[in-house]
Amino acid sequence: MFEELMSHIHPIMVHFPIALIIIATCYDLFWMVTKRRFSPKKGFWLWTVAFISAWIAIGTGPEHDARGNTNVFEYHESLADIAAVLAFLVVAFRVFFIFKKKEFHKASLVMYCLLTLICSASILAVGYFGGKMVYDQGVGVKMDGKYVNPPKTETFNHDN
């Protein structure tokens, strides 16, 4: 049972950063719209967990399953890295304002809002390309213990 769980760790883990980043963005936007003010402490841990979960999801990705089987893996991988970096920047932005013991002012609030929206868009794009690989191309999908679209092995010339 543990082996089965570990073989599906990436599909389990990827849903955390997707959900957390979208929820954190909506949470922030709700406070910005309703209060017209925003404290960097509100929702800080939500963004911190989103950032950590994004890096865990990246680390659990079974890159070998996609080898030779998809034309969108590079997009998926690059966007995942971008989303994780953007989540880090959101956390860093908040930490900066927490240590300054200030609330966001208009210019920083607009920059912060754009950063969170771009982060959300990038994590949704990651999910789109991940779903395309799984549902359209069968990457990493097994049926009766055999890959539907098995990874292509690379052959190397050892004479050189």
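Predicted model: local features only at pLDDT ≥ 70, side-chain atom pairs only at ≥ 80, totals over all residues.

Reader: Where does Ser-122 sit?

Author: Ser-122 is placed in helix α7.

Reader: Is Ser-122 buried or exposed?

Author: Ser-122 counts as buried, because its relative accessibility is 7% and the cut-off for buried is under 20%.

Reader: What does the side chain of Ser-122 reach?

Author: The Ser-122 side chain reaches the backbone oxygen of Cys-119, at 2.8 Å.

Reader: Changing topic, how many salt bridges does the structure hold?

Author: There are two salt bridges. In one of them, the side chains of Asp-28 and Arg-94 meet, with an N to O distance of 2.8 Å.

Reader: Which parts does that pair tie together?

Author: Asp-28 belongs to helix α3 (residues 15-35) and Arg-94 to helix α6 (residues 73-100), so the pair ties together parts that are 66 residues apart in sequence.

Reader: Are Asp-28 and Arg-94 buried or exposed?

Author: Both Asp-28 and Arg-94 are buried.

Reader: And with which residue does Lys-132 form a salt bridge?

Author: Lys-132 pairs with Asp-136, and their closest N and O atoms are 3.2 Å apart. Both residues lie in helix α7 (residues 106-136), four residues apart, which is about one turn of the helix.

Reader: What is the relative accessible area of Lys-132, and what is that of Asp-136?

Author: Lys-132 is partly exposed, at 26%, whereas Asp-136 is exposed, at 55%.

Definitions and conventions. Residues numbered from 1 in each chain as written. Heavy atoms only, no water. Salt bridge = Lys/Arg side-chain N within 4 Å of Asp/Glu carboxyl O. Helix = DSSP H or I, 4+ residues; strand = E, 2+ residues; numbered from the N terminus. Buried < 20%, exposed > 50% of the residue type's maximum accessible area, 1.4 Å probe, protein only. Polar contact = N/O pair within 3.5 Å; in protein donor to acceptor, adjacent residues only side chain to side chain.
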